[in-house]
Amino acid sequence: MPRPIQSPDKELRFTRSGQAPVFWLAAAVLAGMAATLLACALYRDTNPQLPHPAWALLPLALAGLAARTAVRLTRHAYLILTPLGIEIFPFFRPARGLRLVTWQEIADAEIDAGLTLLTLHHDTARTSGLHLTLAPIRKDRRELLAKAVAVRVFMPAAAPRD
């Protein structure tokens with residue numbers, strides 16, 4: 001169970017939900033294989049060469065693993081835009097491998113025309129930086145991410161509010 005969010009109104013979360021459909025499809029195919037193997041067991045008395053019903057456990061276990069991965073990809077964050085900066089979570093061991101890139105570290109940002117790659121430059125000469133693939137994020141969410149990063153990076157210094 002993920003921890004409750006401290007200030008959900010101050011952050012934008014982008015999950016790996018773009019990768020989840022592949023795992024949902026794999027889970028469905030594997031579950032279908034398990035069902036087929038179990039259905040074959042009904043006719044095992046007439047044809048003893050059919051596989052034992054225990055063989056259905058392997059695709060069923062793999063289907064469960066694929067479904068669990070799909071749920072994890074849908075629920076857990078890949079990028080979080082916070083007031084401090086951009087939090088980047090890797091696929092494996094996200095709590096340990098978290099990387100925070102503060103807004104002060106980002107001199108420039110660009111997203112390619114196909115909305116598949118986000119580049120965060122650390123200097124204005126664009127000699128160092130960070131490339132992030134946007135493939136794990138759903139296509140309809142990439143445009144929102146591009147707008148949010150552009151507004152934050154290219155926004156002039158905030159004037160004091162009355």
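**Figure 1. Order of the elements along the chain.** From the N terminus on, the elements run β-α-α-β-β-α-β-β-β-β-α. The protein has four helices and seven strands; helices (H or I, at least four residues) and strands (E, at least two) are DSSP runs, numbered from the N terminus. This is a predicted model, in which local features need pLDDT of at least 70, side-chain atom pairs count only at pLDDT 80 or more, and totals for chains, interfaces and linings use all residues. Residues are numbered from 1 along each chain as its sequence is written, and side-chain values use heavy atoms, with hydrogens and water left out. Of the 162 residues of the protein, 30% count as buried; buried means under 20% relative accessible area, exposed over 50%, and partly exposed in between (1.4 Å probe, protein chains only). Among contacts with a separation of 6 or more, 49% come from residues 24 or more positions apart, where contact means heavy atoms within 4.5 Å.

**Figure 2. The open sheet of four strands.** The order of this sheet is β1-β2-β3-β4, with antiparallel pairing; two strands pair if DSSP finds at least two bridges between them. Strands β1 and β4 (99-102) are the edge strands, and each pairs on one side only. From one strand to the next, the twist averages 15°. Angles run from 0 to 180 degrees between N-to-C directions, and axes are lines fitted to C-alpha atoms, for helices over the stretch in contact. Strand β3 (residues 85-88) is paired with β4 in the antiparallel sense over four bridges. Within this pair, glycine 85 stands opposite threonine 102 in β4.

**Figure 3. The open sheet of three strands.** The strands of this sheet have the order β5-β6-β7, and the pairing is antiparallel. Because β5 (108-111) and β7 (129-133) stand at the edges with a single partner strand each, one side of each is left without a neighbour in the sheet. On average, neighbouring strands are turned by 15° against each other, direction ignored. Four bridges join β5 to β6, and isoleucine 111 stands opposite leucine 118 in β6. Five bridges join strand β6 (residues 117-121) to β7. Histidine 121 has glycine 129 in β7 as its bridge partner. Strands of a sheet pair through backbone hydrogen bonds, either parallel or antiparallel.

**Figure 4. Helix α4 and the cover of β6.** Helix α4 (residues 139-154) lies across β5 and β6 and runs at about 160° to β5. Strand β6 is mostly covered, with four of its five residues buried.

Figure 5. Most residues other than glycine have a negative phi. Leucine 115 has a positive phi near 55°. Leucine 115 belongs to the hairpin of β5 and β6, which has five residues between the strands. With 23% relative accessibility, leucine 115 counts as partly exposed. Arginine 126 is not a glycine either, and has a positive phi of about 60°. Arginine 126 is found in the loop between β6 and β7, and at 43% relative accessibility counts as partly exposed.

**Figure 6. The crossing of helices α1 and α2.** The axes of helix α1 (residues 20-40) and helix α2 (residues 57-75) come within 8 Å and cross at roughly 160°. That makes α1 roughly antiparallel to α2; angles under 35 degrees count as roughly parallel, over 145 as roughly antiparallel, 65 to 115 as roughly perpendicular and the rest as oblique. The crossing is left-handed, a term used if the near helix is turned anticlockwise from the far one by less than a right angle, with right-handed used if clockwise. Residues of α1 in this contact include Phe23, Trp24, Leu30 and Met33, and those of α2 include Pro59, Leu62, Val71 and Leu73. By class, the contact has 19 nonpolar, two polar and no charged residues. Ala, Val, Leu, Ile, Met, Phe, Trp, Tyr, Cys and Pro count as nonpolar, Asp, Glu, Lys and Arg as charged, and the others, Gly among them, as polar.

**Figure 7. Surroundings of serine 17.** Serine 17 is placed in the loop between β1 (12-15) and α1. Serine 17 counts as buried, at 14% relative accessibility. Leaving aside neighbours within four places in sequence, serine 17 is in contact with Leu73, Thr74, Pro136 and Arg138.
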